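Subject: Structure for you to look at

Dear colleague,

I am passing on a structure that will be new to you, and below it I have set out what was found. Please keep it open while you read.

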Amino acid sequence: MIREGQGAPAAPLAALSDSERGSSWPTARPPAPFLAPGFRGSPGSPAARRGAVRESFPQKLAEALSSQYALNVFVAGLLFLLAWAVHASGVGKRDLLCFLTALMLLQLLWMLWYVRRSSAHRRLIRLKDTYAGARWLRGSIALFALITIILGCLKIGYFIGFSECLSATEGVFPVTHAVHTLLQVYFLWGHSKDIIQSFKTLERFGVIHSVFTNMLLWANSVLNESKHQLNEHKERLITLGFGNITIVLDDHTPPCNCTPPTLCPAISHGMYYLYPFNIEYQILASTMLYVLWKNIGRKVDSHQHRKMQFRSRGVLLGSVLGLTVLATTIGVVVVYLIQIGRSKTKSEAALIMFYLYAIILLMLMGAAGLVGIRIYRLDEQSLDESKNPARKLDTDLLVVTASGSWFISWGSILAILCAESRPPYTWYNLPYSILAVVEKYIQNLFIIESIHREPGRLSEDIRTLRVVTVDNGNPTSLPSSCFKNGPTAGDMAPQALEMPPAANGNTCLREVGGKDREDKSWERAQGSACHPCFLQGNAQRRVLRNIAAFLFLCNISLWIPPAFGCRPEYDNGLEETVFGFEPWIIVVNLAMPFSIFYRMHAAASLFEVYCKI
């Protein structure tokens, strides 16, 4: 038996109200002999509510147990990472890698079991979440996974070069990680849309274990990448005259020579540029697996959104501006990395150049976001309020990850206001930090409202109809200009053409007599209803698509500088003077990964918005 709420279409007559059925239709009320034997009252009765609570209790219990298990695993992994970072006695990198390898092997066993069981039951009809695991999202994670595998190959080469003094676990870990990456991408490509309805308790533990395994791998990559940043950061601060606040940092280099000598430095330098892609892969895999976990045992609404398509027409302005920003960003990053640390004058010039570029870009992005929000405010299109785990996770991640950037920005603002001496270049940091807060606030509002819009649907209570007027008994069509921005008669539902004038939102209906008063009223009605005072229809969608395309490319552009070492939060030195070197480094190392992920996640959300408009 197919139950309603699991994808079964509702009965055709159920969609009609009593007034639409007419008096000839009987009231849809089942007679007493057809009531189910276990029927104990209406859905709102106390007995029905108690039955619903008893039915949902096992699911809530399984969620609580699996989430607590995952949090304990995550906390244990973080403690291993912390112990290795601070050189805790008795805990080394070998112990950390053994723990991570064990977690990956356990996830591999679960994924193999799930794929085999799904293959054995492939003829069964399975429920799917059409919002989860979009094709472009799976393509992105496949690309990042490919770069992650290349990074693993470099780590294997690094292990071979230092094989005399490295533990065998440092060679086993990248091999296991490569196999784990391949199988996980295959799993997500084929099963990220699944709504699991069998073995739910076991699947909850397996999926949530996978989520936090990827989170720990992400934290490990962030820690390794931070080591490279700290070493370069120390050298740059010395050139700016802040050498007195630096401390001796351990870079965890092996205590033996590499053979051949030129291999390991080249590999280490190459790994540094691949870590950002590995970090994005791990966090992206975690989010997709989390949506899969939330979908376990879920009852799917019968309404499914239409398939979104990518269209490149009509976005020339947004694309040209965005590509110009992207090219400028690459040039700024190259110049910044060349100039910073060379001398005090060149370092200050590089910082001023970056701040000016970022200020202009953030102002343009904020203005574009405000235009998009203004268009939505004037639009009366209905919102999609249905429950959806993927959309809710996107919204939560936008706010949570933006808080990392906000934390750094407010720290910089406070440091500028409280510092005793301020070098000239630090004053550019003040408007940059303020705009970084405001721009993310505006962009989040634009994205959140966009993803809650019904894609390509008209509001239920606002329709534009093609009507005719009657002039002395002769039908006369309205001017064609009245329908420039509205749908044609062929696009209307047949019922809409028979609706009375009072039921339509914007109508140009009139009764034509022979009087001047009626002629003047017709002109006023035509002017107010047939000539929109703001963008409507295709023009509105074209502007929104250009905004989404421009913001998409801008977020990709702003992801590049911090991901590849252009981090003025490290390099200007003022925050270290006010807060102290170690406290500020801790703040930046904790908040920067969230700030970097925000730009990539915002770009992914804007791409979805673009396809949806």
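Helix 11 and helix 17 cross in a left-handed manner (the near helix is turned anticlockwise from the far one by less than a right angle; helices are DSSP runs of H or I with at least four residues, numbered from the N terminus). The contact, meaning heavy atoms within 4.5 Å, involves residues including F446, I447 and I451 of helix 11 and A602, L606 and V609 of helix 17. The axes of helix 11 (residues 429-451) and helix 17 (residues 581-612) come within 10 Å and cross at roughly 40°, where axes are lines fitted to C-alpha atoms over the stretch in contact and angles run from 0 to 180 degrees between N-to-C directions.

This is a predicted model, in which local features need pLDDT of at least 70 and side-chain atom pairs count only at pLDDT 80 or more, while totals for chains, interfaces and linings use all residues. Residues are numbered from 1 along each chain as its sequence is written, and side-chain values use heavy atoms, with hydrogens and water left out.

Y355 is buried at 1% relative accessibility, and Y432 is buried at 15% (under 20% relative accessible area, with exposed over 50% and partly exposed in between, using a 1.4 Å probe and protein chains only).

Best wishes

Note on methods: Helices (H or I, at least four residues) and strands (E, at least two) are DSSP runs, numbered from the N terminus.
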